[in-house]
Amino acid sequence: QVQLVESGGGLVQAGDSLRLSCAASGRTFRSATLGWFRPAPGKTREFVATISSSGGRTSYADSVKCRFTISRDNAKITVYLQMNSLKPEDAAVYYCAAAIDSRDFYVPVSRGSYDYWGQGTQVTVSS
């Protein structure tokens with residue numbers, strides 16, 4: 001069974017940090033691009049960050065660039081999102097997603113490019 005399980009969400013104050021994790025199981029995701037999305041207010045899930053299969057290429061939304069860092073551990077088949085200097089507008093449910101494509105330069109930003117999704121982890125940021 002294909003499964004992506006997020007963890008690490010919680011309640012923090014503005015300026016604090018959190019690290020989200022997403023563990024993949026059920027099939028090999030070592031060759032998958034892994035990304036993070038969150039809903040925009042009143043909208044569907046928007047792109048946050050993504051990392052290619054080997055970890056050699058990453059992409060970030062402008063709103064999180066220089067504050068968030070995505071990384072992966074292919075031995076554990078886990079992707080991480082280190083979130084620093086959190087702002088109230090970062091509060092959301094964060095979803096992990098996998099795009100089954102082994103091309104190392106493949107870092108899509110559109111939701112439709114991803115094949116599997118986790119259930120999400122809640123991040124709350126108080127001002």
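Predicted model: local features only at pLDDT ≥ 70, side-chain atom pairs only at ≥ 80, totals over all residues.

Student: What box do the C-alpha atoms fill?

Tutor: Roughly 40 × 25 × 25 Å, taken along the principal axes.

Student: And how much of the protein is buried?

Tutor: Buried residues make up 44% of the 127 residues. The protein exposes about 6200 Å², and carbon and sulfur atoms supply 46% of that area.

Student: Back to pairing. Which strand does β9 pair with over five bridges?

Tutor: That is β4, residues 33-39, and the two pair in the antiparallel sense. One place to look is T33, whose bridge partner in β9 is A99.

Student: Which other strands pair with β9?

Tutor: Strand β11, residues 121-126, runs antiparallel to β9 and is joined to it by three bridges. There, A92 stands opposite V123 in β11. Strand β10, residues 116-117, also pairs with β9 in the antiparallel sense, over two bridges. In that pairing, A97 stands opposite W117 in β10.

Student: Is β9 largely enclosed or largely open?

Tutor: Largely enclosed by the rest of the structure, because seven of its eight residues are buried.

Student: New topic: rings. How many aromatic pairs are there?

Tutor: Five, counting rings whose centres lie within 6.5 Å. One of them is F37 with F47: the centres are 5.9 Å apart and the planes are at 75°. That pair is edge-to-face, since the angle is over 60 degrees.

Student: Where do F37 and F47 lie?

Tutor: F37 is in strand β4 and F47 is in strand β5, residues 45-51. The pair therefore ties together parts that are 10 residues apart in sequence.

Student: Buried or exposed, those two?

Tutor: Buried means under 20% relative accessible area. F37 has 0% relative accessibility, so it counts as buried. F47 has 13%, so it counts as buried as well.

Student: Which residues do ring pairs link into a cluster with F37 and F47?

Tutor: Y114 and W117. W117 also has R45 over its ring face, at 5.0 Å from the ring centre. R45 lies over the face of Y95 too, at 3.5 Å from that ring centre.

Student: What is R72 in contact with, leaving aside neighbours within four places in sequence?

Tutor: The list includes F29, R30, A32, T33 and L34. Also among them are I51, S52, S53, G55, T78, V79 and Y80.

Student: How far is the C-alpha atom of R72 from that of Y106?

Tutor: The two C-alpha atoms are separated by 15 Å, and the residues are 34 apart along the chain.

Student: For the whole protein, what share of contacts join residues at least 24 apart?

Tutor: It is 60%, among contacts between residues at least 6 apart in sequence.

Student: Last topic, the backbone. Which residues other than glycine have a positive phi?

Tutor: C66 is one of them, with phi near 75°. S85 also has a positive phi, of about 50°.

Student: Where are C66 and S85?

Tutor: C66 is in the loop between β6 (58-60) and β7 (68-73). S85 is in the loop between β8 (78-83) and β9 (92-99).

Methods: Residues numbered from 1 in each chain as written. Heavy atoms only, no water. Helix = DSSP H or I, 4+ residues; strand = E, 2+ residues; numbered from the N terminus. Buried < 20%, exposed > 50% of the residue type's maximum accessible area, 1.4 Å probe, protein only. Pairing = 2+ DSSP bridges. Phe/Tyr/Trp six-rings, centres within 6.5 Å; stacked < 30°, edge-to-face > 60°. Lys NZ or Arg CZ within 6 Å of the ring centre and 35° of its normal. Contact = heavy atoms within 4.5 Å. Areas by Shrake-Rupley, 256 points an atom, 1.4 Å probe, with all protein chains shown as cover.
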